[in-house]
Amino acid sequence: MNLHALRLFHEIASTGSVTRASELLNISQPAITAQIKKFEKELSFPLLQPSGRGIALTDAGIQLAALAKRLFAVEQQIEQFCTEYRSGTNGHIRIAATYLPAQFLIPAWIAKFKQRFELVEMTITTTNSTDAVKLLLGMEADIAVYGGLSEEYPDTIQSEQLFQDELWFVVAPSHPFAGKQVSLRDMMNEPFVMREEGSSTRERLLALCRTYNAPMPRIALQFNGLHEAITAVIAGYGANFVSSLVVREHVERGELCRVFVEGIRLQNTIAICTRRNEPLSAAAANLVALIRQEHE
């Protein structure tokens with residue numbers, strides 16, 4: 001079908017006048033008339049008929065005009081979508097995040113982002129650092145946000161550090177080590193409540209023991225989430241090695257206490273990662289820009 005001719009007919013039907021359609025489209029009236037006659041010939045039925053000093057739609061013209069109206073309304077919607085997608089005001093962002101940023105950082109980021117970009121859909125998958133890398137590399141996530149980024153990520157991932165916080169050893173206030181300074185070896189004699197394998201913080205603790213030739217921690221309880229692990233320690237069992245972002249308020253309220261391990265002070269990196277040499281969508285780029293502003 002000749003969509004150009006259909007558009008001309010749509011304008012005539014909408015305005016009720018060939019003359020008015022000619023003015024709106026900036027096409028001469030004879031040219032429009034000639035193209036409509038050619039269009040009618042292609043369709044093998046008339047669309048317009050004389051009516052007094054003007055024209056009127058035939059029965060077929062009335063029905064085709066209704067369909068054309070719907071078609072060009074959808075066209076406008078498509079044009080609007082493309083404009084919004086290019087500007088980042090529409091689209092879909094998929095985020096893979098480790099538990100730390102997913103629980104303590106991303107909710108505030110998203111709240112601010114959605115105030116400005118309400119139409120952008122967002123999917124957040126909370127997982128450990130190993131699986132977050134897999135989601136990013138497998139094209140199942142647009143960006144990944146890490147707490148405690150491993151240095152052994154693939155070259156195909158580009159990492160941007162946002163800020164750093166400290167990693168703390170914490171125990172319940174009733175624990176003998178609460179608020180005290182102890183050796184790493186003594187600390188490793190305590191039962192630990194930790195996240196599952198693949199957790200970057202867990203891997204940092206194991207690497208710390210290897211570096212200082214200390215015994216590996218005895219992981220007596222294992223959970224698939226930060227909240228569960230911290231709750232168990234608050235209840236009085238074992239120790240945890242965790243980002244200060246997670247437990248700072250618990251320590252300030254006296255629900256947990258730090259243990260100061262001799263010679264150990266580790267930083268925890270919060271980073272945002274993307275696939276190297278692959279441009280982000282406008283919506284995802286807007287989100288990354290907002291996150292950067294939050295931590296300048």
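Student: Looking at contacts in the chain with a separation of 6 or more, what share comes from residues 24 or more positions apart?

Tutor: Keep in mind that this is a predicted model. In the chain, residues 24 or more positions apart account for 74% of the contacts with a separation of 6 or more.

Student: Okay. How many helices and strands does the chain have?

Tutor: Twelve helices and twelve strands.

Student: What does the C-alpha trace span along its principal axes?

Tutor: About 100 × 40 × 30 Å.

Student: Which domains does the assignment give?

Tutor: Domain 1 covers 3-87, domain 2 is made of 91-162 + 270-294, and domain 3 covers 164-268. Notice that domain 2 is written as two segments, with the range of domain 3 falling between them in numbering.

Student: How far apart are the C-alpha centres of domain 1 and domain 2, and how many residues are in contact?

Tutor: The C-alpha centres of those two domains lie 47 Å apart. As for contacts, four residues of domain 1 touch five residues of domain 2.

Student: Let's go to single residues. Why does His-10 count as buried?

Tutor: The call rests on relative accessible area, with buried meaning under 20%. His-10 has 14%, so it is buried. You'll find His-10 in helix H1, residues 3-15. Leaving aside neighbours within four places in sequence, His-10 is in contact with Ala-68, Lys-69 and Phe-72.

Student: What about Thr-201, buried or exposed?

Tutor: Thr-201 is buried, at a relative accessible area of 15%. This residue lies in helix H9. Beyond its neighbours within four places in sequence, Thr-201 is in contact with Leu-167, Met-194, Phe-241 and Val-242.

Student: Where do Ser-44 and Asn-213 sit?

Tutor: In loops. Ser-44 is in the loop between helix H3 (29-43) and strand S1 (48-51), while Asn-213 is in the loop between helix H9 (200-211) and strand S9 (218-223).

Student: Why do they count as exposed?

Tutor: Here the cut-off is over 50%. Ser-44 has 65% relative accessibility, so it counts as exposed. Asn-213 has 62%, so it is exposed.

Student: Which label goes to Met-139, and where is it?

Tutor: Between the buried and exposed cut-offs comes partly exposed. Met-139 gets that label with a relative accessible area of 44%. Its place is the loop between H7 and strand S5 (143-147). Apart from neighbours within four places in sequence, Met-139 is in contact with Arg-94, Arg-275 and Glu-278.

Student: How do I compare distance in sequence with distance in space?

Tutor: Thr-130 and Thr-98 are 32 residues apart along the chain, and their C-alpha atoms are separated by 9.2 Å. Met-139 and Glu-203 are 64 residues apart in sequence, with 25 Å from C-alpha to C-alpha. For Ser-28 and Tyr-237, the values are 209 residues and 86 Å.

Student: Where are Thr-130 and Ser-28, and are they buried or partly exposed?

Tutor: Thr-130 is in helix H7 (residues 129-137) and counts as partly exposed at 38% relative accessibility. Ser-28 is in the loop between helix H2 (18-25) and H3, and is partly exposed with a relative accessible area of 43%.

Notes: Residues numbered from 1 in each chain as written. Predicted model: local features only at pLDDT ≥ 70, side-chain atom pairs only at ≥ 80, totals over all residues. Heavy atoms only, no water. Helix = DSSP H or I, 4+ residues; strand = E, 2+ residues; numbered from the N terminus. Contact = heavy atoms within 4.5 Å. Domains from an automatic or database assignment. Buried < 20%, exposed > 50% of the residue type's maximum accessible area, 1.4 Å probe, protein only.
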